[in-house]
Amino acid sequence: MKQQGLESKLSACSLEEADKCLFEYLHAEIVNYVLATTSDNKDGEEELSRLEWMGFSVGYRIIERLTKEWARFKEELDMIKFICTDFWTCLYHKQIDNLRTNHHGVYVLHDNEFRLLANIGANGSQQYLRESPRLLAFTCGLLRGSLANLGIVSTVKAEVSALPSCKFNVQVQRI
Amino acid sequence: MSKTRLDQKKVNSELFTLTYGALVAQLLKDYENVEDVNKQLERMGYNMGIRLIEDFLARTGCGRCYDFKDTAEKIQMGFKIFLGITPTITNWSPAGDEFSLCFEVNPLTEFVELPDHCLNLKYCNILTGVLRGACEMVQMEIACWFVQDQLKNDSTTELRVKFIKRLEDAIPAGDD
């Protein structure tokens with residue numbers, strides 16, 4: 001009887017839920033590793049470029065697999081929209097809440113409840129604000145990498161003013 | 001959750017696989033010695049394991065293990081929950097303190113081929129750390145290592161688990 005209860009509980013928790021926490025723990029370990037093995041740069045900021053680079057390589061690969069049987073996107077804006085909706089939903093379980101652009105290569109992606117920040121502070125908490133950039137560097141790289149594989153060279157920066165919301169600034173490099 | 005044109009489950013597990021791959025690649029770049037990479041992976045797995053066990057217990061509502069056979073089944077269940085695979089439990093030692101987990105498929109190695117200079121790399125070593133960490137949190141000391149690896153042309157991936165000892169509850173000083 002007891003065993004049966006367990007079985008039904010197990011089938012209730014879906015696979016994707018599980019994978020979700022696994023990624024979060026792994027991400028946390030990667031952040032820890034990078035912080036433990038680098039010293040701060042000369043401005044006294046944490047040196048996060050290796051995190052960004054890992055994100056880049058993941059983004060570059062994952063977008064290639066996702067879109068391999070798709071028709072080409074027509075415009076830059078279509079790609080950005082795809083990133084904000086389908087792509088973000090798969091990776092971070094919700095869409096980007098707000099997308100702004102100046103139509104000259106600057107896009108601001110605003111996520112009101114970013115998944116990797118959601119567990120460290122809710123409702124505008126300021127407590128871990130100083131530490132939050134380290135949780136965003138990987139995703140910045142991931143964005144940059146996925147755009148790169150779609151043919152957009154860019155720089156991506158993240159900005160947090162109140163947890164758990166954050167903004168990703170994408171600046172497209174025009175040649 | 002909003003609808004999407006992509007297979008969300010698949011993307012999620014690919015995200016994990018690729019992120020792990022990026023980590024291993026970075027470690028290989030950072031350390032000269034492959035042994036150090038193995039060690040680092042194990043340590044990271046340990047840190048994940050001591051946190052994952054809480055998720056596992058909360059989700060399954062499992063109680064204490066009756067014996068090591070029970071432990072083996074729960075570890076198997078853990079793989080089902082977290083990685084979506086069910087390794088087979090085989091090769092029990094006569095004393096019942098050692099068993100093997102055999103993996104036909106391993107999501108961690110989905111897109112992986114080992115180059116020749118990485119023959120000593122235990123690509124999935126994070127798993128050994130996860131098991132050790134998780135078991136330690138439920139008062140069990142185990143040892144865990146790979147005996148076969150599909151990445152090294154073995155027919156299956158075999159993870160050996162050995163029971164070392166039961167850890168006693170530590171009682172804080174002056175609190176009896």
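Reader: Which residue stands opposite Glu98(B) in β4(B)?

Author: Strands (E, at least two residues) and helices (H or I, at least four) are DSSP runs, numbered from the N terminus, and two strands pair if DSSP finds at least two bridges between them. In this predicted model, Glu98(B) stands opposite Lys162(B). Six bridges join β2 (residues 98–103) to the antiparallel β4 (residues 157–166) in chain B. Residues are numbered from 1 along each chain as its sequence is written, and chains are lettered from A in the order in which they are written. Local features need pLDDT of at least 70, side-chain atom pairs count only at pLDDT 80 or more, and totals for chains, interfaces and linings use all residues, while side-chain values use heavy atoms, without hydrogens and water.

Reader: What is the order of the four strands in the open sheet of chain B?

Author: The order is β1-β2-β4-β3, with antiparallel pairing. Strands β1 (88–90) and β3 (140–148) of chain B each have a single partner, so one side of each lacks a neighbour in the sheet.

Reader: How many residues of chain B are in contact with chain A?

Author: Contact means heavy atoms within 4.5 Å. Here 44 residues of chain B touch 41 residues of chain A.

Reader: What area do chain B and chain A bury between them?

Author: The size of an interface is often given as the accessible area lost when the parts come together. Buried area uses a 1.4 Å probe and is summed over both parts. For chain B and chain A the value is about 4,200 Å², 68% of it on carbon and sulfur atoms.

Definitions and conventions:
Buried area is the accessible area (1.4 Å probe) that two parts lose on being put together, summed over both.
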